[in-house]
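Subject: Structure handover

Hello,

Here is the structure for you to take over. Please open it alongside this message; my notes follow below.

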Amino acid sequence: MRIGFDITSFRKLGIKKIFDYPNKVVSRVIFCLILTAAIVPSGMAQSLMIQEDTLGVSLGQILEEIELTRKIKLYYQDDILPVGKWSIKKNRAYEIDDLNRFLNQFQLRTVEYNEYVTLIVNIEDWDRNLDPKFYENIMNLATPTVQNQSTLEIGDSGNPNKEGVGEVTFKVRDNETKEPVIGCLISIFDPVIHLVTDVHGKANVLLDAGAYELMTQNIGYTDQLHRISVYGNGSAELEIFENVITMDEIVVVSNKDDDPSIAVQSGLDILSASRIQETPSFLGEPDVIKNLLFLPGVSSIGEGAPGFNVRGGNIDQNLVVFDEIPLFNTTHAFGLFGAINPDLVTGVNLYKGSIPAQFGGRISSALVLNMKTGSKDIVKLRGGISPVSAKLSLETPIISETSSLIIGARSTYSDWILQKIKVPDIQKSKVFFYDANFRYHHQIDASSSFLLSGYQSQDAFQFSDQFGFEYKMSGLSANWFERISKNILSTTSAVYGSFDSALEELQHNQKSKFSSGVRYLKFKEILDINTSKNQKLSLGASTILYNIKPGEINPLDDISTVESKTLDHERAFEGAAFFQSVWTFDEDLIVSAGLRFSVFSFLGPGEVFTYEDNSVPTEFTILDTLSFRSGENIASYYSLEPRLSVRWNYSPQRSITFGYSRTAQYVFQITNHSAPLPTDVWKLSDTYLSPPRSHNFSFSSNWSMDRNHWDLTLGGYYRSLSGLTESREFANLLVSSHLETETVESVGTAFGFECSIKKNVGKLTGSLAYTWSRSKRKTSSNHPDQIINGGAWYPSNFDTPHDLSTTLVYKMNNRHKFAINFTYRTGRPVTAPTGFFNTTDNTRIPIYSERNAVRIPDYHRLDITYTLGQGHRRNKKWRNYWAFGIYNLYGRRNAYSVFFRQNAFSNVQANRLSVLGSAFPAITYNFRFNE
């Protein structure tokens, strides 16, 4: 029996030249250890002594005889044994010390791994304090299980980590664009470990030295198998390929349900960049926000409506962050275009159920948008042009392989189309918007990087000579990422931003301009800690300083009868501490639990009115005014916000997810319109207006069918709300110094059932989403002056019981693609006049229905898009494609709102206001260079 391992055999098994380094220090270390050995017999031990004998045998043969006699295993490297002939003298009891005394003269010694296994090592090497487990782990490297698969080596094979472990950083990139892939699932098979890449396409894990198989999976990409050999600390770059299906016989599916760290969040929807680009949208422009409306539980009141509503909530109840910059408006041109350039977005995560603890300040949902990182090696260009808008983005390295910059901008020039519409008011109207983004990324060293992002946008709209709107938004964020240790990553963020809006009245003697705005400064620190292979902990803190301009109105000319009025600025501090932990107990059960503690302080300088009854404030019962100095606390609130999400995979293709979160919101909008506007005033919680709070419960059941070709999700939610602010009847909210007299507090509830089915594979792919839901409000006071609808429940402004949307994409081949989408939803509720009564002076006073007792007509729309591409020749630097589409194909006159008018000698007539009442054709030319 041959005891030693030939070095060549090691190399044949996959070990690199680990025995060929200077001084042969590593070459004399034993890199072999077998799992089990024979049991030592309980009989008498034989005696032995090794002595030099010219008629003897080699020392290797002597050790083999010892091994057979003693029923143990001796492991060593052949070339460390002394050359010569030896024999065994059996004249004394055998002990390990005898062998050590013999080996010591050759600078060798034995190391007992266990009672059955002993190593023979070089004394000099053993002084490096190598853990015996190191040899076992290194031995695993010699047993490849993935055939015909290249192996990535992590760490220095010539100088492996002496503890037998390695901290591995995976970097996942798109094979074609080289962009980092966010939210990619990395599954290690043995032991089972699941990782998800962060905003930089990275994921970290601590692994024992050895050989591993792993799988990368992400929506829109093919599943790929990789093999790695871990010798110590290091990184591995994994490239994944877009899932382009060219033949029916090739079917590769990415299944989101296999991703425990993502899917454990109940109510989480993920949009890929490819999904955003494929969905038909207004005038052929891909749109992030419009894509959200095809998800269950997400809706809008129609064209001309800004923002989006999630599970019956208001648009201001959604937290939207773009590279840590909070966005206070998400649309252009009153909802016709999204405010985010889709060419600069790598991924979109919408948390509408259980929201991670690091996000707070809104009670409905959290939308997280991640911007692309520019190329660090070549210059890339992307753009598009249509009859109404144009866009352009540029990626360029600043320092090769170290820093990069990406910039992008969009703008519209659609006024010429308005001139073609033969309606005088339309011809005199104007619409304009632009947005611009940039992101600078600098890799300082292997453990730290710096990220600087910026955003700016502006909108202007004027309807004939009657009124106009203007709003603009800007933000700048600086992010510092540093790996403090192999298990701790620190992310430090500083953000400054603003949002300003203005409303202009242009008619007759009412010409005036009302403006308001928000300024904020935010700091945030997060520590991501890998406490073990099956647990990840995130903890941190954040602070926000608000400075809000609640309103200012000024006349536009000398004829105007409007008087100038300016409200004092409002200031506040919002702070939070939070932690979130994800446990993977096994492949079937994943738990995410967290806690967020938030505090809010409304600060001076300021004045607060006191009333005869502070619980029922009215303009006519003001008693006194309290004054507060700068920085003095006027009102304080705090909130304890637990978060929980549990996922149970009860079969390989089925799972159940449950989630709960409690949320609080300290800054919100107040409106007396049934349809909110971007110019509505943002308000801080104060002495009388308490912060809205919400308890959110959600569950879902997920099935993957036909080898993951189909995904089916059924779920539901329930939401209980308190502290909501509703405007009173005929409230005057414009430049009011005591909004508490124009509003009442209410409670709310929202609940619903959601269903979605997706087809992931084949020439025909798509999705269908249906939501049945209700969203209701009720005043919480018993005082007659603060009761709406007699204290009964009434529908909220965003109560749409039925919502159905479907998207189908037919890929004829790589060049030709046809897509359609259809949307239907119940008409939203409004308050309408039901009659009139005459006063003694013959003045007719309208009699209105109860709050939101009438519904406008149902909404439905069909869009189509045909895309003519250039194919996928990878050696072609310049690529382009054309998109032809028709938005609102059958010209449905969907109502944005309904208003009522009575002419002389006629009954009351309902009038429908349709923003887009006809079909809109579109053509767009898009191009890419070096992508």
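Helices (H or I, at least four residues) and strands (E, at least two) are DSSP runs, numbered from the N terminus. This is a predicted model, so a cut-off applies: local features need pLDDT of at least 70, side-chain atom pairs count only at pLDDT 80 or more, and totals for chains, interfaces and linings use all residues. Residues are numbered from 1 along each chain as its sequence is written, and side-chain values use heavy atoms, with hydrogens and water left out.

Two loop residues

Leu-889 lies in the loop between β53 (878–887) and β54 (897–901). Leu-889 is partly exposed, at 34% relative accessibility (buried is under 20% relative accessible area, exposed over 50%, partly exposed in between; 1.4 Å probe, protein chains only). Leu-889 touches Leu-862, Ile-864 and Ala-919, leaving aside residues up to four places away in sequence. Contact here means heavy atoms within 4.5 Å. From Leu-889 to Phe-822 is 67 residues in sequence and 10.0 Å in space, C-alpha to C-alpha.

Thr-330 sits in the loop between β18 (325–326) and β19 (331–332). Thr-330 counts as buried, because its relative accessibility is 8%. Its contacts, not counting residues up to four places away in sequence, include Ile-289, Phe-308 and Val-320.

A sheet

Strands pair if DSSP finds at least two bridges between them. β7 (residues 165–174) and β10 pair antiparallel over 7 bridges. Thr-169 has Asn-204 in β10 as its bridge partner.

Aromatic rings

Rings of Phe, Tyr and Trp (its six-membered ring) pair if their centres lie within 6.5 Å; planes under 30 degrees apart are stacked, over 60 edge-to-face, the rest tilted. By this rule there are 23 aromatic pairs. Tyr-866 and Phe-884 are stacked, because their planes are at 20°, with centres 6.3 Å apart. This pair links distant parts of the chain: Tyr-866 is in strand β52 (residues 859–868) and Phe-884 in strand β53, 18 residues apart. Tyr-925 and Phe-927 form a tilted pair, 6.1 Å centre to centre with 35° between the planes. Both Tyr-925 and Phe-927 are buried. One aromatic cluster holds Tyr-866, Trp-878, Trp-882, Phe-884, Tyr-925, Phe-927 and Phe-929.

Best regards
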